[in-house]
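This report describes selected features of one protein model, from a single side chain to the strands and sheets around it. The sequence and structure are shown first.

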Amino acid sequence: MNCCLLLPFMLGIPLLWPCLKATENSQAKKVEQPVGAHGRVKRGWVWNQFFVPEEMNTTSHHIGRLRSDLDNGNNSFQYKLLGAGAGSTFVIDERTGDIYAIQKLDREERSLYNLRAQVKDITTGRAVEPESEFVIKVSDINDNEPKFLDEPYEASVPEMSPEGTLVIQVTASDADDPSSGNNARLLYSLLQGQPYFSVEPTTGVIRISSKMDRELQDEYWVIIQAKDMIGQPGALSGTASVLIKLSDVNDNKPIFKESLYRLSVSESAPTGTSIGRIMAYDNDIGENAEMEYSIEEDDSQTFDIITNNETQEGIVILKKKVDFEHQNHYGIRAKVKNHQVDEQLMEYHTEASTTFIRIQVEDVDEPPLFHLPYYIFEVLEENPQGLFVGMVSATDPDNKKSPIRYSIARSKMFSIDDNGTITTTSPLDREISAWYNLSITATEKYNIEQISSIPVYVQVLNINDHAPEFSQYYETYVCENAGSGEVLFF
């Protein structure tokens, strides 16, 4: 005999599984069961799947019915349910064979239950049908919203990227059954981020849809929504935030904000002196903002500019010494450009920015300047005191032209007046000293700290002021018979 399985309504559609006899082509087990005096006949149950929707809110949900067609309704048969979940999740009415779910089921926790069924004759305690296995399958409902796997997302893309540039792919997952209708079929959309970004509906790939300038805005928050049931009414959704940062490209050239710089330098400054700084500004960052300064116009070649790589400033330095009295101001033009520029970005750097630098030379109080680097004079010996030796001359190189006073250091034989005239203070004797080395000092009258010195060499010339003298006394002898012309000694 066969047993009939009356299945519950599923998704609003009543299903009835007919009672089928086991035949030679049947998939069911075939067993021999003794029945009274009629001998042994082949009998068997054909079991089919039972389905129960998950998340049912009732505490006793009817799933289906087991009933042997030997059961005449006199309550002489007893039905039993065995296996994992029997008695705790599923129960059976032992008299009628009705199966109930007594707990809310969650397909995402467990989607399949393998159970066994028995039917016995209460009177004899013997099995009416052989024990057999059957399956209760938990059918899916759309009770899980999509969830993004790696939130929060963060991505970076170069500024000025063309439309269609890939930014990042976001992925959501849905715990519902992908084989159950459209419960787990997702559709992506953009809730925030237009008009700069777009998302591919089926892949979650975010792309650029409009060029962006980092210098105007350097980061964007994009909100992506994923809906299951391919967005149909009643679909569940989840969202993810994506922080998209724009990385810098060298699309800005450095620019001077000042069209004129005024600097000054002392005429006493040595070469290599830093006399001032200039600064250009670049809206780019990092390596893209590194710049180089140079002199574009400087006919005098007196100045140079070097770049401070840490501050990105241009340092103006003195290349040659300057003289206020010779030239008291200079004008130079400087330019600036980025250190490196990619060829594809050269259109942004066609013309370098320039600025004009006006440099004022500051006057300093300089010491007197002698007209010659040294002087040589000649004077005859034995002349009386007050003899004119020579004249030196020094002037104040500054515009004020301070009067000069002269002096001779450590000399008793010569003197000098305020006009620079050198005279003797005693007669000179060449035989005592043929040369005199003098140090003449010139001092500004109104600033005695401004002093210059110069060497003066005086040569004493010889005069014939000494008769010849023998170096020693000579005594000799001559023989009385010496002849004329005979040498007496040598």
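## A buried asparagine

Asn338 has a relative accessible area of 5% and is therefore buried. The structure is a predicted model, and in it Asn338 belongs to strand S28, which covers residues 329-338.

Two polar partners of the Asn338 side chain can be named. A polar atom of this side chain lies 3.2 Å from the backbone oxygen of Glu290. The side chain of Asn338 also makes a polar contact with the side chain of His349, at 3.5 Å. Which residues surround Asn338, leaving aside neighbours within four places in sequence? Asn338 is in contact with Asn250, Asn252, Lys253, Pro254, Asp282, Asn288, Ala289, Glu290, Met291 and His349.

## Overall make-up

The protein has 38 strands and zero helices. Of its 490 residues, 37% are buried. Among contacts with a separation of 6 or more, 67% are between residues 24 or more positions apart.

With S37, the pairing is antiparallel over nine bridges, and Ala442 has Ser452 in S38 as its bridge partner. S37 and S38 form a hairpin, with six residues between them. With S31, the pairing of S38 is parallel and runs over six bridges; here Val379 stands opposite Val460 in S38.

In a regular strand the side chains alternate between the two faces of the sheet. In S38, the covered face holds Ser452, Ile454, Val456, Val458 and Val460. The uncovered face of S38 holds Ile451, Ser453, Pro455, Tyr457, Gln459 and Leu461. Ser452, the bridge partner of Ala442, and Val460, which stands opposite Val379, are both on the covered face.

## Aromatic pairs and a charge over a ring

The model contains twelve aromatic pairs. One of them joins Tyr374 and Tyr457 in an edge-to-face arrangement, with 6.4 Å centre to centre and 65° between the planes.

Phe414 and Tyr436 form another edge-to-face pair, at 5.2 Å centre to centre and 75° between the planes. Phe414 lies in strand S35 (residues 414-416) and Tyr436 in strand S37 (residues 435-444), so this pair ties together parts that are 22 residues apart in sequence.

Elsewhere, Phe148, Tyr153 and Tyr188 form one aromatic cluster. The charged end of Lys257 sits over the ring of Tyr281, at 4.5 Å from the centre of that ring.

## A four-stranded mixed sheet

Four strands form an open sheet in the order S14-S21-S20-S17, and their pairing is mixed. Strand S14 (153-158) and strand S17 (187-192) are the edge strands, each pairing on one side only. Neighbouring strands of this sheet are turned by 35° against each other on average, direction ignored.

Within the sheet, strand S20 (residues 219-227) pairs with strand S21 (residues 237-247) in the antiparallel sense over nine bridges. Ile224 has Ala240 in S21 as its bridge partner.

## A three-stranded antiparallel sheet

A further open sheet consists of three strands in the order S15-S19-S18, with antiparallel pairing. Strand S15 (166-169) and strand S18 (197-199) stand at the edges with a single partner strand each, so one side of each has no neighbour in the sheet. The twist from one strand to the next averages 25°.

S18 and strand S19 (residues 205-208) run antiparallel and are joined by three bridges. In this pairing, Val199 stands opposite Ile206 in S19.

How values were computed: Residues numbered from 1 in each chain as written. Predicted model: local features only at pLDDT ≥ 70, side-chain atom pairs only at ≥ 80, totals over all residues. Heavy atoms only, no water. Pairing = 2+ DSSP bridges. Helix = DSSP H or I, 4+ residues; strand = E, 2+ residues; numbered from the N terminus. Axes fitted to C-alpha atoms, helices over the stretch in contact; angles between N-to-C directions. Buried < 20%, exposed > 50% of the residue type's maximum accessible area, 1.4 Å probe, protein only. Polar contact = N/O pair within 3.5 Å; in protein donor to acceptor, adjacent residues only side chain to side chain. Contact = heavy atoms within 4.5 Å. Phe/Tyr/Trp six-rings, centres within 6.5 Å; stacked < 30°, edge-to-face > 60°. Lys NZ or Arg CZ within 6 Å of the ring centre and 35° of its normal.
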